[in-house]
Amino acid sequence: MRYSLVKYNRQNVEDITGFAKICDIPNLNEESLEDITKFTNTFKDEEELWDFLTYSGLIGPQLTHDNSLGIAYYAGKNSTPSILPYGLSFREDKKFFNVEFLKSYFSNRIRNVDFMDYFLNKYYDRLKNVNLFSYRLQYLNDAFTHYMHYNDVPRDTMDEMRGFIKDYTLRKDKTGNYVINFTRVRELAMFAISYERLFVRKRKPIIKDNSKDINMEISHYETLLNEDNLSMEERAIYENKIKELQIIKKDNIYGRK
């Protein structure tokens, strides 16, 4: 089992290696999900990461709209790589990889209809029959229904959300002690980051010849649409985002504001 930073498109997945030798992070393991995340989180955005990898000679120059950067998971030595969902995280996203921050972030959004709809679509059906999570998820689902009808949530809803985050991000090690499960932490972090990117963060003003950034973002959402187990809502959100970006790209080309 290993992870790898990759450049990929619909036909090919290419491992990116050698960055541990030239970055400023000591003892970086290029096959560790936590260390790859630590590496990408040192960059401002995807364009800065592309530039670093290209200028360092770790990848050749290419049209970025034909490729995406991501993290692949290899279950075995000769296994087919699986691209992890939601893309990569960057400097702005570092705070999401702290469990206490995630508890606060998720619990403070129990009255946010967009967020809770997004959250329940992702986790409720998938985990509602798993004993460890079933009670809390049923409580959160019922609380959301109650909120939609009465504009109020039961008083324990925030505690149940915090409890879900705690349970989901812990695992038992070989000695029987509970330790942080970084794979789960990253999943929740990237879920929250994806929500922020889709619903919260404001797009920077369009400037002349911004097509490279827009093409890269369109490619990112097209890649997300190819993932397995997407909910109907997630698919609709990504498709609408692509349409929005294509309109912005067209307006930018013809000089409209």
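Across which strands does helix 2 lie? In this predicted model, helix 2 (residues 46–55) lies across strand 1 and strand 3 (68–74). The angle between helix 2 and strand 3 is about 80°.

The sheet itself is open and consists of four strands in the order 2-1-3-4, with antiparallel pairing. Strand 1 (residues 2–8) runs antiparallel to strand 2, and three bridges join the two. Within this part of the sheet, Lys7 is placed opposite Glu14 of strand 2.

The loop between strand 2 (13–15) and helix 1 (33–40) contains Ile22. Ile22 counts as partly exposed because its relative accessibility is 42%, a value between the limits of 20% and 50%. Leaving aside residues up to four places away in sequence, Ile22 touches Phe52, Ser56 and Leu58. For Ile22 and Ser56, the C-alpha to C-alpha distance is 8.4 Å, with a separation of 34 residues in sequence.

A contact between helices is found for helix 4 (residues 113–127) and helix 6 (residues 157–168), whose axes come within 14 Å and cross at roughly 50°. Helix 4 is therefore oblique to helix 6. The crossing is left-handed. On the side of helix 4, the contact involves Met116, Phe119, Tyr123, Arg126 and Leu127, which meet Met161, Phe164 and Tyr168 of helix 6. The residues of this contact comprise seven nonpolar, no polar and one charged.

Conventions: Residues are numbered from 1 along each chain as its sequence is written. This is a predicted model: local features need pLDDT of at least 70, side-chain atom pairs count only at pLDDT 80 or more; totals for chains, interfaces and linings use all residues. Side-chain values use heavy atoms; hydrogens and water are left out. Buried means under 20% relative accessible area, exposed over 50%, partly exposed in between (1.4 Å probe, protein chains only). Contact means heavy atoms within 4.5 Å. Two strands pair if DSSP finds at least two bridges between them. Axes are lines fitted to C-alpha atoms, for helices over the stretch in contact, and angles run from 0 to 180 degrees between N-to-C directions. Angles under 35 degrees count as roughly parallel, over 145 as roughly antiparallel, 65 to 115 as roughly perpendicular and the rest as oblique. A crossing is left-handed if the near helix is turned anticlockwise from the far one by less than a right angle, and right-handed if clockwise. Ala, Val, Leu, Ile, Met, Phe, Trp, Tyr, Cys and Pro count as nonpolar, Asp, Glu, Lys and Arg as charged, and the others, Gly among them, as polar.
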